[in-house]
Amino acid sequence: MEQYKKDFIEFMIECDVLKFGDFVTKSGRKTPFFINTGFYRSGMQLKKLGEFYAQELNASFNEDFDILFGPAYKGIPLSVTASIAMADLYNKNVNYCSNRKEIKDHGDKGILLGSPINDGDKVVIIEDVTTAGTSIKETMPILKEQGNVDVLGLVVSVDRMERGNGEKSALKEIAETYGIKTTSIVTMAEVIEHLYNKPLNGKIIIDDEIKARIDEYYKEYGAK
């Protein structure tokens, strides 16, 4: 596993973004782990988060894209901080763009914030965590309305590796439905590999009990 992935897993723990215990997802699933990206709150945290995204973008798309598109609302700061990190880490000038939930009819009119999107632009969508693919279903028509746009793929922070609407993971469903590449900074399998029975700051994050509960969860909800 690449070092930046290990660092990102520990970063999520330190920021209280990744937690283990008893939780219920929006879909009603009882889960032993929970990812709440709303806990990235400080400037330093967002700076580091953007750097992790930039490293994954560089690894998966080889800097060969023009625009980072962050769906409103959580994708807006992600597109901004990751585009800054692409400039800082790789000297790559990537534009950011997001959508408004409501179209403005005055001043800066239209549905887009940030960079315009033109024919031939290569776009990567950036999100936090994708579970059902609803956001992408809303986003793709917006991008295609801008012209002959080449949507290369989607990057998220964590692949939960559980079923989406069918038997496959949400990321695999999105990749097959739209013909794009989907990737994540880390997968839950990598999280478990890095944390299981290994101390982090003197504490075991995933012990035998939590590991057994995760295994049971994936028996029921794991993607095929």
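T81 is in contact with L46, K47 and G50, leaving aside its neighbours within four places in sequence; contact here means heavy atoms within 4.5 Å. T81 is found in helix 3 (residues 75-90), and helices (H or I, at least four residues) and strands (E, at least two) are DSSP runs numbered from the N terminus. With a relative accessible area of 11%, T81 is buried (buried means under 20%, exposed over 50%, partly exposed in between, with a 1.4 Å probe and protein chains only).

This is a predicted model, in which local features need pLDDT of at least 70, side-chain atom pairs count only at pLDDT 80 or more, and totals for chains, interfaces and linings use all residues. Residues are numbered from 1 along each chain as its sequence is written, and side-chain values use heavy atoms, with hydrogens and water left out.

**Two packed helices**
- Helix 1 (residues 3-14) packs against helix 6 (residues 188-195) at an angle of about 85°, and their axes are 10 Å apart. That makes helix 1 roughly perpendicular to helix 6 (angles of 65 to 115 degrees count as roughly perpendicular, under 35 as roughly parallel, over 145 as roughly antiparallel and the rest as oblique).
- The axes are lines fitted to C-alpha atoms, for helices over the stretch in contact, and angles run from 0 to 180 degrees between N-to-C directions.
- From helix 1, K5, K6, I9, E10, M12 and I13 meet E190, V191, H194 and L195 of helix 6.

**Around L152**
- L152 sits in strand 7 and is partly exposed, with a relative accessible area of 23%.
- Not counting residues up to four places away in sequence, L152 touches F61, D64, F65, K122, V123, V124, I180 and K181.

**A closer look at R160**
- R160 lies in the loop between strand 7 (150-159) and helix 5 (170-178).
- R160 counts as buried, at 6% relative accessibility.

**Backbone details in the loops**
- The peptide bond from A72 to Y73 is cis, with omega near 5°; Y73 is in the loop between strand 3 (67-70) and helix 3.
- D16, in the loop between helix 1 and strand 1 (18-24), has a positive phi of about 60° although it is not a glycine. D16 is partly exposed, with a relative accessible area of 40%.
- N201 also has a positive phi, of about 55°, although it is not a glycine. N201 lies in the loop between strand 9 (199-200) and strand 10 (203-204) and is exposed, with a relative accessible area of 71%.
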